[in-house]
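Hello,

Here is the structure for your files. My notes on it follow below.

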Amino acid sequence: MPAANGPKVPLGSLQQQLELLLVCSKCSVKENEITYHPREVEHECMYEILLARRRSRRSAAWRKVSRRPGFPNPARYAVCRYYVMGLGCSRHKNQCTFAWSAEEAVVWNFEREHQLERRWLKAAVLQAQLGDRPAAGPHPAASAAGEIASEFGGCFQEICKRCFFGCPQRITAGDCGSHRTWDPLLVHAVLDSRKKQQYTAIRPCPEFIETLAYCRFVSRGRPCRHGPQRCQYAHSDVEMAVWEAERERGLLRSHLLPSAGTGRANDKPAAPAPVHFYCCICLVTCNSQESFENHCSSIEHVQMLSADSSMQWVHRAPPLGLNKFSLCSR
Ligand SMILES: [Zn+2]
Ligand SMILES: [Zn+2]
Ligand SMILES: [Zn+2]
Ligand SMILES: [Zn+2]
Ligand SMILES: [Zn+2]
């Protein structure tokens, strides 16, 4: 929910270049990962998705303005050279910290210049959008969980934590049968721009860290050196959003999960849930060890490994400060 009474936002200078609009998943149609079409519909808007459109051009498209990456903090944000509309960024993949449209870069530069948190910008945009209409702002019933669902799409589910952090990585939506206790991990599952399923772990919100921050390794496109299970810093925007909502708005994780009687908190399912082997490089899931091994020796996988120079080759440099090396499953 965009908050009221924040710092003064000099929105005028930004609005000279861009039209700004807050929508939600109900009042907008997503054409591709950056292009949205607002639509008129009777609903209680959550105003979670920030769209921007160039003033100078007629019939310009509305572009989604994602959250500004926590790191790096360049002098000027620019559009990624490897980004292709509809296909995503071929080089940095989902770790890309460049803007994906000129409109997004303009907004990010504005936020940086004025040291503006996104919620204050949203509050100013919302005020301009609604004018003096009374009872402005999201409907009180608009929950933190609903806003996160609206902003990030996809769905949340619980999977076996030890399978997910195991080697090879496995996705098990329930009791896997091999780990004795059901120790769930919340994940955000979303289809990426190539229609492949991508899983993002939402680890427990760190208790003893005063200010939530992004992991400096992961935000540089490197593997986390703290170890993903010990690291106290956010590894993704969606994880950060959940943590913030838990801390500031009392979000309960159960509200993120689909409610339809799938509550697994106490009653375990009778049969072991199917285990899927997961290649997080290619975003490929295999339903047996054999097909996973076939995948790992496939040309597709090898090409992805060598193409993914931003990430994989960093793995290959000998890590400093480690006294024990272990063999990678791949
Ligand atoms: Zn709406
Ligand atoms: Zn990129
Ligand atoms: Zn398991
Ligand atoms: Zn980390
Ligand atoms: Zn692969």
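**What was found**

His188 stands opposite Thr200 in β11. Two strands count as paired if DSSP finds at least two bridges between them. In β11 (residues 197–202), five of the six residues are buried (buried is under 20% relative accessible area, exposed over 50%, partly exposed in between, with a 1.4 Å probe and protein chains only).

This is a predicted model: local features need pLDDT of at least 70, side-chain atom pairs count only at pLDDT 80 or more, and totals for chains, interfaces and linings use all residues. Residues are numbered from 1 along each chain as its sequence is written, chains are lettered from A and ligands numbered from 1 in the order in which they are written, and side-chain values use heavy atoms, with hydrogens and water left out.

Most residues other than glycine have a negative phi, and most peptide bonds are trans.

- Tyr47 has a positive phi near 50°. Tyr47 sits in the loop between β3 (35–38) and β4 (49–54) and is buried, at 13% relative accessible area.
- Gln115 also has a positive phi, about 45°. Gln115 is in the loop between α2 (102–113) and α3 (118–130) and is exposed, at 72%.
- Cys167 and Pro168 are joined by a cis peptide bond, with omega about 0°. Pro168 is in the loop between α5 (161–164) and β9 (170–172).

Regards

Technical notes: Helix = DSSP H or I, 4+ residues; strand = E, 2+ residues; numbered from the N terminus.
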